[in-house]
Amino acid sequence: MGRSITLLCWNFEANGGADSNKRKEANQLLASLHPDLLYRQEMWGADAKGKSVMDSMEEDLALRGWLGPSSHTAVFAATSLFTPVRGWPDRDEETIWKMPPTVWGLRFRPAGPDAVPLVCASYHHNYASSTQRHAEADWATTFADKTWTTPTGRDVKLPVLMGGDHNSYPVPGADGDLPLPVLEEIRDRRHRVHRSCIGPDGTRRMCTCPDETLRIAGLEDVARHVASRSGNTHSLARTVTGCVTHGPDARIDRIYASEVLLPAVSDVDVIEVPLNMSDHHIVRARLDGDRLADILRQEAHTPQDSGVA
């Protein structure tokens, strides 16, 4: 096994608000986990005062960061391993999202200059509207449409490694995954609407549309993949803690990868954080660096249909 590459995905509630000490504590926690890639949501205020909050985060984490439109999301990466090659989305795609994503093509240095880059995306689906989440999930599949021209002049589709807060649930069926909440048992009746949708039979059911949409598009939930491969269900741990108003423990924060990348995924787990720090826990995925490099080199030579750039 090659060097382990660590990806963290975390919705740090309101980016700590106006509490700089809380932000510092959160940054120290993240840094202690030694991430090579970090996907953050709720980056609110990180663009204020000449991006001073963003600058301090980069310093605390020893990572380079890219802040998405309106400071909703961000991607961070270790420059010793990743080099940016271009960013997305374009202006049309930004308008689809209530909270626009951060999407960057990053070259994995150990794979060499002839390998394809990764599409790395941090996103945050809408909190209140299943209709909006459905549209955003449809657009999230276009992250897998990005193409790259190789040094030999071939256009190839790029593999995707993406994650965020889905404000919805995985499709049931994975052994060991948390059960879907019972709609009528969610005490906050507004939240029943926020986390549900109208099913084909006209009745209201818990919202699983984003997961279904991404998986149909060939983007697999890496936690589900690890659990099905190893039988170890620690990857399927809760990412939000249950409460009286919002219902039971749930796994609404998830990381997805193109199927071609799955052999490089070695493990997924969840690092719980105190509720007084954030209402979400940290999802951690580990990838085998040697396998990842081999896949990215191979993808530069694999025949593919061109997609939408």
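Predicted model: local features only at pLDDT ≥ 70, side-chain atom pairs only at ≥ 80, totals over all residues.

Modeller: Let us begin with helix H1, residues 20–32: at 1.5 Å a residue its 13 residues should span 18 Å, and its end C-alpha atoms are 18 Å apart, which agrees. The expected span is 1.5 Å times one less than the number of residues. Helices (H or I, at least four residues) and strands (E, at least two) are DSSP runs, numbered from the N terminus.

Biologist: Which residues of H1 are called buried, and what makes them line one face of the helix?

Modeller: Buried means under 20% relative accessible area, exposed over 50%, and partly exposed in between (1.4 Å probe, protein chains only). In H1 the buried residues are Arg-23, Ala-26, Asn-27 and Leu-30. Seen down the axis of H1, they fall within an arc of 100 degrees, so they line one face; the arc is that of the directions from the helix axis to the C-beta atoms. An α-helix has 3.6 residues a turn, so residues three or four places apart point the same way. On the face turned away from the buried side, H1 carries the exposed residues Asn-21 and Gln-28.

Biologist: Against which elements do the buried residues of H1 pack?

Modeller: They pack against strand E1 (4–11), strand E2 (37–41), helix H2 (48–61) and strand E16 (282–288). Contact means heavy atoms within 4.5 Å.

Biologist: What makes Asp-19 a cap of H1?

Modeller: A side-chain oxygen of Asp-19 lies 3.0 Å from the backbone nitrogen of Asn-21, at the N-terminal end of H1. A polar contact is a pair of N or O atoms within 3.5 Å; within protein, one must be able to donate a hydrogen and the other to accept it, and residues adjacent in sequence count only if both atoms are side-chain atoms. After H1 comes His-34, whose phi is positive, near 55 degrees.

Biologist: Why are Gly-17 and Ala-14 called partly exposed?

Modeller: Gly-17 has a relative accessible area of 37% and therefore counts as partly exposed. Ala-14 is given the description partly exposed because its relative accessibility is 27%. Gly-17 lies in the loop between E1 and H1, and the place of Ala-14 is in the loop between E1 and H1. Phi of Ala-14 is near 55 degrees, a positive value in a residue other than glycine.

Biologist: Is Lys-49 buried or exposed?

Modeller: Lys-49 is exposed, because its relative accessible area is 77%. Lys-49 belongs to helix H2, and its phi is positive, near 50 degrees.

Biologist: What makes E5 and E13 edge strands?

Modeller: The open sheet of six strands has the order E5-E6-E7-E10-E14-E13, with mixed pairing. Strand E5 (82–88) and strand E13 (219–221) each have a single partner strand, so one side of each is left without a neighbour in the sheet. Two strands pair if DSSP finds at least two bridges between them. Strand E7 (residues 118–124) and strand E10 (residues 160–165) meet this with six bridges, in the parallel sense.

Biologist: Why is Ala-115 called buried?

Modeller: Ala-115, in the loop between E6 and E7, counts as buried because its relative accessibility is 3%. Leaving aside neighbours within four places in sequence, Ala-115 is in contact with Arg-107, Leu-296, Arg-297 and Ala-300.

Terms used: Residues numbered from 1 in each chain as written. Heavy atoms only, no water.
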